[in-house]
Amino acid sequence: MKTILFIIQKEFKQIFRNKSMLPILFVMPFIQLIILPFAADYEIKNIRLTIVDMDQSVLSRQLNSHFQASPFFNVSYTLTPEEAEALIQHNDSDLYLEIPPRFEYRLLKEQRASLHLSIDAINGSKAGVSQAYVQSIVRDFNKEVIAEWVPQLQPRALAAIGQPVDITYQNWFNPDLDYNTFMVPGILVLLITMIAGFLSGMNIVKEKEIGTIEQINVTPIKKYQFVIGKLLPFWLLGLMELAIGMVLGKIIFDIPFVGSISLVFAFASVYLLLILGVGLLISTFSNTQQQSMFLTWFFMVIFILMSGLFTPIESMPHWAQVLTWFNPIAYFVDVIRLVMLKGSGWVDIKQTFFQILAFAIAVNGLAVWNYRKRS
Amino acid sequence: MNQAIWAESLTKKFGSFTAVDAISFEVGQGEIFGFLGANGAGKTTAMRMLSGLSFPTSGKARVAGFDVYKQPDQIKRHIGYMSQKFSLYEDLTVQENIRFFGGIYGLSLKEIRTKTAQLLEELDLEWIAKTQVRSLPLGWKQKLAFSVSQVHTPSIVFLDEPTGGVDPITRRQFWEMIYRAADRGVTVFVTTHYMDEAEYCDRISIMVDGQIAAMGTPEELKRDNNVPSINELFVQLARHTSSK
């Protein structure tokens, strides 16, 4: 035990004397947390809509004003569909809505009229979202027209026209559909994963690279003492990063903390054991910091992209979903969102907790076994 | 038993290459044993096997009375080791290095304090005890490394080219330190390239291509081979194999 304390003391001294380590520890988290949530925002705004109003009637203007009032569209006008099409061709517009002549007349006389929508669908999801927005605005407009212009028909005729079922939405756990609320907890996970994974792996390899490990290996120190002494400082730093990140998340993004913070930390402490174990395992396979960096990077990219942080795991192909069973980041992203945003308790995350614990024991066991004091 | 080190047919192979080829020798307690050889002759490999850093491929060896296969931890408790490459922590101070290695050898805090004071005084480094090791000149670093290798008062120290790249004055001071250690009864197992240093040893062995080509006191070796200096003998032995 005393031996371990001597190693921990030495590690902390070295970490705080390392000019490149300090910025990584204290500046990187701030920057990541402040920039990434804004960049990783999937909300589609500022859609460039061109309206070709060939009716120029009261009703068509009323429809126009609905689009202008929407926060999602930047509206411009052309006189002909050809012009609007040219705008899309030159990537000056994302979609155009054609209001045909006699739109008002038909709507009032025949009680039905059609609109034409052309969308640039290179970015499929953006096209889909734009279409949904347009439809929702047209639906609102429909209701308004019915209420305003056909009051005498109410209520029986209204039923005949077919009053659409009105769906009202209530978004649980993230009522304002705020992307920061969704992203920040996930980014916190990335942050402590990178700190713990990269730094712990590189730290041990550094001793190999500069040769100091030889002087350690010639002492009667036990493998487990060395490994614990090496990893514990990064375990503490990881938890500290998480705390800093949470405070920042609260201050900057006003992230709700619905669930128990201590539960998040309890999970994080087991999760960090696993990540440190991965770093350690990588370091036993590498002889230089460069090798260790590349190996860690390889796993990090895969783990991050397949973590469900940016894209939902449910929409991945089956084989990819199977791979995520072995992805620690995916588990923690899931858990931190559940606990922080939904208020899930111990019972809900218990199973994941023990899974991660089992992984941690397996990976660390493998790493210690593979770490050799003697060649 | 007054044998500090005993080896019989100790062999290390890396694939088909035999780095150390069945060497047998003994070193008595308190002896200064010089281990000479050209680069790549197998000196470091032999030393690494004896200090528990490397598994022998075959052969037997006991260090401080302990078996190299079965009792590496016991051996490590009783030996000090100074590698060819400087391997103290450059970003720790002189004092912190002594403290750290004292700590992992299991010294108590009180012992560490006493030992630190004693080593700093011997080295005459009290005035820069709180300086990071990176800023010390090489010679001082080597002397510090030698002292740190003995922080746990081992009975045997292994020194791998301790004076490589060090100026003549510091080399002399270094050898004075070796003598002082030997006077305290410490066995010193030292590899070197400097033939004048070989003459300071009680006994030497010259390794050529993984084998011990000559062994004995410097005087015996010079007399038996009829050469004026160890340097001459070394060149003869080395040339003999390279022309083979």
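## Chain A: elements and overall form

Chain A is built from 16 helices and 4 strands, and the model that shows them is a predicted one. Along its principal axes, the C-alpha trace of chain A spans about 95 × 45 × 40 Å. The radius of gyration of chain A is 29 Å, whereas a compact globule of 375 residues would have a value near 21 Å.

Of the 375 residues in chain A, 34% count as buried. When contacts in chain A between residues at least 6 apart in sequence are considered, 79% of them join residues that are at least 24 apart.

## Confidence in chain A

The mean pLDDT of chain A is 85, and 92% of the residues in this chain reach 70 or more. Within the chain, confidence is highest in helix H12 of chain A (residues 261–285), at a mean of 93, and lowest in helix H8 of chain A (residues 156–161), where the mean is 53. Where pLDDT is low, the predicted coordinates should not be read in detail.

In soluble globular proteins, nonpolar side chains tend to be buried together. The largest nonpolar core in this model has 130 residues, and the residues with the most contacts inside it are Ile156(B), Val188(B) and Phe189(B). Helix H9 of chain A (residues 179–210) gives the most to this core, contributing 16 residues. Apart from this core lies another one, of 17 residues, which includes Val52(A), Leu95(A), Leu97(A) and Ile99(A).

## A hairpin in chain B

Strand E1 of chain B (residues 3–14) and strand E2 of chain B (residues 17–28) pair in the antiparallel sense, over 8 bridges. Phe14(B) has Phe17(B), in E2(B), as its bridge partner. The hairpin of E1(B) and E2(B) has 2 residues between the strands, and in this hairpin Gly15(B) takes a positive phi near 65 degrees.

## Where the two chains meet

How many residues of chain B are in contact with chain A? There are 23 residues of chain B in contact with 18 residues of chain A. Helix H2 (72–78) and helix H3 (94–104) of chain B each supply at least two residues of the side of chain B that touches chain A. Sorted by class, this side of chain B has 10 nonpolar, 7 polar and 6 charged residues.

Technical notes:
Residues are numbered from 1 along each chain as its sequence is written. Chains are lettered from A and ligands numbered from 1 in the order in which they are written. This is a predicted model: local features need pLDDT of at least 70, side-chain atom pairs count only at pLDDT 80 or more; totals for chains, interfaces and linings use all residues. Two residues are in contact if their C-beta atoms, placed from the backbone, lie within 7 Å. Ala, Val, Leu, Ile, Met, Phe, Trp, Tyr, Cys and Pro count as nonpolar, Asp, Glu, Lys and Arg as charged, and the others, Gly among them, as polar. Two strands pair if DSSP finds at least two bridges between them. pLDDT is the predictor's confidence in each residue, from 0 to 100. The radius of gyration is taken over C-alpha atoms; the globule rule is 2.2 Å times the number of residues to the power 0.38. A residue is buried if 20 or more other C-beta atoms lie within 10 Å of its own, exposed if 12 or fewer, and partly exposed in between; C-beta atoms are placed from the backbone. A nonpolar core is a set of buried Ala, Val, Leu, Ile, Met, Phe, Trp, Tyr and Cys residues joined through C-beta atoms within 7 Å.
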